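Good morning, and thank you for joining.

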Amino acid sequence: MNNSIDTKRIVLAALFTAASFALSFIQIPIFPAAPWLMYDPSGIVCLLAALAFGPKLGAAVAILSWLPRVFLDPFGAPMGMLSTCCLIIPAAIIYAKSGNTRAGSIAGMVAGAVLSIIAACALNLVVTPLYTAVTMEQVAGMILPILLPFNTLKMVINVVAGQVLLAPCMNVLRSQQGINSTRA
């Protein structure tokens, strides 16, 4: 019986990973001031996986779904992995500590979003000069007018979508016989 549950969890993790990977190729320009910055909805799937199965499995989904993109975007993919993990790990921990309450999911998502925004801005300071002709000082000048608003908008979308999809996702997972979707 325990092997059956483990197998189901592995299959679900693989499905979440595949969905996140597929969604990472949807690139949406959401910030007109910086049309080169694109939003992809893959973080929403990683967030739901982390809340459903815990921070370790959520981080695994995030990393595995970004891993193939390292070959296409060797600078952006690691930044995406770290930024996504900064969102989902605190969200999952706070959600679990709250007893999986709505208030806990909101608090966790907001805390993770703040950490993710900080990480994204800091990573851009270091990484962007490595692959562009832009200096660290020029990137620092872009934080307030471009990077902070873009990453904030990205996190607002992820948190709102995560809140809208959390209950239906958890209901589906709980309805599956033999799946305990609250912890790893």
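Predicted model: local features only at pLDDT ≥ 70, side-chain atom pairs only at ≥ 80, totals over all residues.

Let me begin with helix H4, residues 76-97: at 1.5 Å a residue its 22 residues should span 32 Å, and the end C-alpha atoms are 32 Å apart, so expectation and model agree. Just after H4, Gly99 adopts a positive phi of about 80°.

I turn now to packing. Two packed helices are described by the angle between their axes and the distance between the axes.

The axis of helix H3, residues 55-66, comes within 9 Å of that of H4, and the two cross at roughly 165°. With angles over 145 degrees counted as roughly antiparallel, H3 and H4 are therefore roughly antiparallel to each other. Their crossing is right-handed. On the H3 side, the contact includes Pro55, Gly58, Ala59 and Trp66, while H4 contributes, among them, Gly76, Ala77, Gly80 and Met81. By class, the residues of this contact divide into 12 nonpolar, four polar and no charged.

Next, H5 and H6. Helix H5 comprises residues 102-131; its axis and that of H6 come within 8 Å and cross at roughly 150°. H5 and H6 are therefore also roughly antiparallel to each other. H5 passes H6 in a right-handed crossing. The contact of H5 with H6 has 19 nonpolar residues, eight polar and one charged.

Finally, H2 and H6. Is this pair parallel or oblique? The axes of helix H2, residues 42-53, and H6 come within 9 Å and cross at roughly 45°. H2 and H6 are therefore oblique to each other. The crossing of H2 and H6 is right-handed. From H2, the contact is made by Gly43, Ile44, Leu47, Leu48, Leu51, Ala52 and Phe53; from H6, the partners include Asn158, Ala161, Gly162, Leu165 and Leu166. This contact of H2 with H6 has 12 nonpolar, three polar and no charged residues.

That concludes my part; I would welcome your comments.

Definitions and conventions. Residues numbered from 1 in each chain as written. Heavy atoms only, no water. Axes fitted to C-alpha atoms, helices over the stretch in contact; angles between N-to-C directions. Helix = DSSP H or I, 4+ residues; strand = E, 2+ residues; numbered from the N terminus. Parallel < 35°, antiparallel > 145°, perpendicular 65-115°, else oblique. Left-handed = near helix turned anticlockwise from the far one by under 90°. Contact = heavy atoms within 4.5 Å. Nonpolar A, V, L, I, M, F, W, Y, C, P; charged D, E, K, R; others polar. Expected span 1.5 Å × (residues − 1).
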